[in-house]
Amino acid sequence: MDAGIGRIKAQLAEPTIERMTKLIQLINDNINPPTEVCEDDVHIRAMYIVSDEVNSFGGRFPADELGNLARLLVDSPVMVGHRKDRLPVARTFHAEIVTRENRPWVKSYFYWLKSSKGAEDLKDNIDGGIYKECSIGFSYIFPECSVCRGDIRRCRHEPFERYKAGTGEQVCHFNYRQIERVLETSLVYRGAVPDTAMSKELASDHPIAARREILISSPAELALDTTYLVVPLYESIPVIVNVDAQTLSVVDLDGNPISLACLEHTGPSELPPMENVFSHLVGYRGKERCSVEQLRKHLSGKSSSVTRVELKLIPDGNHPFDGFDPGTSDVPLRVIRHEYCAPVNLDEAAVRMKTKHGVRLWPVTVLPAEHGGFVYRPGNAARIGNGYYRFRLPGSGTEALLEFDFGGSVERFRIKQFHMQRFIKGGRFVADRVVGKVSPESIACESVICGTIGSGKADGDGIRLVLDDSLPGTIVIQAIELNRSSRYLIYHTSRLAE
């Protein structure tokens, strides 16, 4: 599904006619309806479904759960008023995280057939602002108290009550942790999350999203045993740069040439040769970076706030740019600020590198020009932890995969007959250690639950991982012998039990 989401992200930013055609293809590719649909068959709209603000029940979707929620939204039905006794009116085919009024939102895209009963009434009421708000039905595992980080069903704290915190007070709420499934989204008279909204805008409102980018909400969503190139996330246009003895050329990712006035007065002989170097074109007004919209106006000769541009060269396996120096050239080429790290160190690197939009990153095993990479928005401070864990939960099957990076070593275990609710309550499961990497396609994965490891211990009896955030307690991995074979017993102990 990640590849499909990547293609969706690419095509949400296309011009209107092309975008509509490709969106229809994405519906066919990702939802697999019984019959193929075409542009004339459907209406498509979007909804701002949830943010990270506390809702009217005292619950909140924390930012690090939004990525998983967006994935689970795909292929969920759209209902009216959460009425389970009636059939859906539409279906979600894509969801993404966007920024709206300086707050992260999950924006979902849905479609319905023009030929269905009431289709035009539904469209007119959405476009006319009558059907204006929306809501989500979902299941989750752990309601995390914002005060004590325990289970709010068991602790003494109550939502919306004030409690002492340091020298001040804080209002209690609870976080929806370990979201298992999205049951449906609904058009409602009043959403529980403040400021939900319907939208006719089909293009992503994230102005800096390059095509094929995938937004992650936790480093644990990445391949844990891969090194990543991390760079600041600038508002920019991705381009390809070539330099030889005769010419210096810049083209966009579709091969269209980009004319830059600053290139016309400098001979390419002043620069080292470059072949198909992936770069980001950034517009500036003085030292302040400008929006992509202003940069595009500048490139087309229109009035714009941009007064100068820079080409930020992206290192890769073919062009590491060690010791690169543009010399006396007036051409504004710079190697972008960058670091290399594993996911376990990503938070620290991201806090150092981030802009207000976050960071971009690519696996070092691929060329950035051929992979849209990932976008990550860390908090203001690096998470304090010693590693990450990730459960890839079964879809139609019963086998789950536990992966974790602790002490620089990535371990994997396939767990038989797994059930997350039983696991949290202390149920014990037989597992086998996995040697080598596991491709995402090798397990029927419906959702991912991941988080931070606070501390751990490995000895002859097995491994104990003390979890630091969204699944409080300890994961115990104990070596056993079963039917004369070496196996493992995996279970969870809660903080309360400890």
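**Strand pairing**

Mentor: Strand S23 (residues 400-406) and strand S24 (residues 409-415) pair in the antiparallel sense over 7 bridges. Strands are DSSP runs of E, at least two residues long, and helices are runs of H or I, at least four long, numbered from the N terminus; two strands pair if DSSP finds at least two bridges between them. The model is predicted, so to speak of local features takes pLDDT of at least 70, side-chain atom pairs count only at pLDDT 80 or more, and totals for chains, interfaces and linings use all residues. Residues are numbered from 1 along each chain as its sequence is written, and side-chain values use heavy atoms, with hydrogens and water left out.

Within this pair, Ala 400 has Ile 415 of S24 as its bridge partner. S23 is mostly covered, with 6 of its 7 residues buried (under 20% relative accessible area with a 1.4 Å probe, counting protein chains only; exposed is over 50%, partly exposed in between).

Elsewhere, 5 strands form an open sheet with mixed pairing, in the order S11-S21-S20-S12-S19. Its edge strands, S11 (214-216) and S19 (339-341), each pair on one side only. S11 pairs with S21 (residues 374-376) in the parallel sense over 3 bridges, and Ile 216 stands opposite Tyr 376 in S21.

As for the whole chain, it holds 7 helices and 29 strands. Buried residues make up 51% of its 498 residues. Of the contacts (heavy atoms within 4.5 Å) between residues at least 6 apart in sequence, 65% join residues at least 24 apart.
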